[in-house]
Amino acid sequence: MRNYRMLLAATLTAFVFLSASLVSANVASAQPGQGMQQMKGVTASGLIANNQIQEGKVSWIQGGSWKIKLKSQDDSMTGSFSATFTMVKPDGTSLHKHSIRNYVSDTVIAEGGELAMMGTADIYSGNTLKYSQVPITVHIMGKNVLGLMIDNEKSEDHFASSNEMYGIMTRPGGLDKMLTGEGGGMKNMESGTGMNQMTSSSSSSSSNKMLEFGNIEVTRITKDSAMVEGATSIPVTCQVEYGKGPARMDKTATDSMAGMNSAHQNHSVMLKDLEPGATYSYRFKATVEGKTVYSDIMTFTTLKE
């Protein structure tokens with residue numbers, strides 16, 4: 001029976017992957033010429049092919065297609081992302097489809113040949129809105145690999161996994177050359193701005209100007225921990241996203257002040273289990289009236305052994 005289930009899981013993975021390939025091909029043929037020159041930006045697309053892992057076991061098999069668009073606007077970089085994917089359990093049950101729509105990001109980061117976009121989107125189940133305004137990080141690695149990090153709290157842990165939701169890029173549309181600086185890099189974009197234009201980060205969401213972050217600093221740095229402190233213009237509860245590089249902020253720590261479950265303006269967040277002598281990127285985030293707002297991305301380095 002175990003061998004049968006393993007064979008069924010492998011067969012379903014191949015079926016979903018093949019279906020995603022056909023969908024991607026149909027989309028490409030239905031929208032010819034929407035490459036970099038016509039869009040006056042960068043448009044790339046590919047497939048989602050992933051095993052969702054929970055407690056060391058495959059909980060869901062996922063397959064589908066995705067598309068990313070980058071463009072310059074008002075001297076800054078913006079990005080959009082969309083995806084449609086099917087989920088099914090390894091035993092072939094609970095087959096259903098999701099789509100990521102209305103994704104908007106004004107935080108686009110390119111560093112070391114990788115790209116990360118932080119934004120929010122709506123996630124649909126079929127044609128029904130299931131999760132609204134979900135923070136999602138879109139991560140392009142090694143010019144060919146897609147990684148999605150979907151906020152667990154806002155999606156009720158439906159996509160919770162020990163790994164990112166992976167995919168592959170089948171139609172780079174110039175994104176691969178942009179990340180490596182080939183062919184003029186970002187000069188191929190509409191405004192001709194340089195790569196450094198992509199590393200800027202908005203201090204707050206354009207949809208919510210009332211919340212601002214300030215007095216952010218890192219204190220009590222040791223070889224394996226650090227305290228991130230900051231203040232907000234209005235009382236909120238905060239978290240800190242962090243990781244080894246701006247494209248890898250896949251860890252989250254919660255406000256550790258007394259009364260952390262109630263809103264307040266002075267915040268302290270302890271980061272633990274860090275690596276000695278490592279440089280970490282971090283940022284505050286808070287949610288106000290259903291909108292997630294981020295601080296600028298900053299860095300610190302832990303002490304060596």
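I began at Met298, which I found in strand β16 (residues 298-301). This is a predicted model, where local features need pLDDT of at least 70, side-chain atom pairs count only at pLDDT 80 or more, and totals for chains, interfaces and linings use all residues. Residues are numbered from 1 along each chain as its sequence is written, and side-chain values use heavy atoms, with hydrogens and water left out.

**Entry 1: Met298.** I noted that strands (E, at least two residues) and helices (H or I, at least four) are DSSP runs numbered from the N terminus. Met298 counts as partly exposed because its relative accessibility is 28%; buried means under 20% relative accessible area, exposed over 50%, and partly exposed in between, with a 1.4 Å probe and protein chains only. I then listed what Met298 touches, leaving out residues up to four places away in sequence: Ile216, Tyr280, Ser281 and Tyr282. Contact here means heavy atoms within 4.5 Å. Tyr282 is 16 residues from Met298 in sequence, and their C-alpha atoms are 5.5 Å apart.

**Entry 2: the chain.** I looked up the totals next. The chain has three helices and 16 strands. Of its 305 residues, 45% count as buried. Taking contacts between residues at least 6 apart in sequence, I read that 57% join residues at least 24 apart.

**Entry 3: a three-stranded sheet.** I followed an open sheet with the order β9-β10-β13 and antiparallel pairing. Two strands pair if DSSP finds at least two bridges between them. Strand β10 (residues 226-236) and β13 run antiparallel and are joined by seven bridges. I checked Glu229 and found Ser268 in β13 as its bridge partner.

**Entry 4: pairings of β8.** I recorded four bridges between β1 and β8, in the antiparallel sense. Ser45 has Arg171 in β8 as its bridge partner. β7 also runs antiparallel to β8, with four bridges, and Val145 stands opposite Ile168 in β8.

**Entry 5: the largest pocket.** I used a 1 Å grid over the protein atoms alone; a pocket is an open set of points where a 1.4 Å probe fits, with protein on both sides within 12 Å along at least five of seven lines, and lining residues have an atom within 4 Å of a point. The largest pocket holds about 530 Å³ of space. I counted 30 lining residues, with Met149, Ile150, Asp151, Asn152 and Asp250 nearest the centre. Elements giving two or more residues to this lining include β1 (42-54), β7 (145-150), β8 (165-171) and β14 (279-288). The lining divides into twelve nonpolar, eleven polar and seven charged residues.

**Entry 6: positive phi.** Which loop holds Ser94? I placed Ser94 between β3 (76-88) and β4 (96-111). Its phi is near 60°, a positive value in a residue other than glycine. Ser94 counts as partly exposed because its relative accessibility is 39%. Glu156, in the loop between β7 and β8, has phi near 55°, again positive in a residue other than glycine. At 62% relative accessibility, Glu156 counts as exposed.

Conventions
Grid points are joined across faces, edges and corners, and a volume is the space filled by probe spheres set on the points. Ala, Val, Leu, Ile, Met, Phe, Trp, Tyr, Cys and Pro count as nonpolar, Asp, Glu, Lys and Arg as charged, and the others, Gly among them, as polar.
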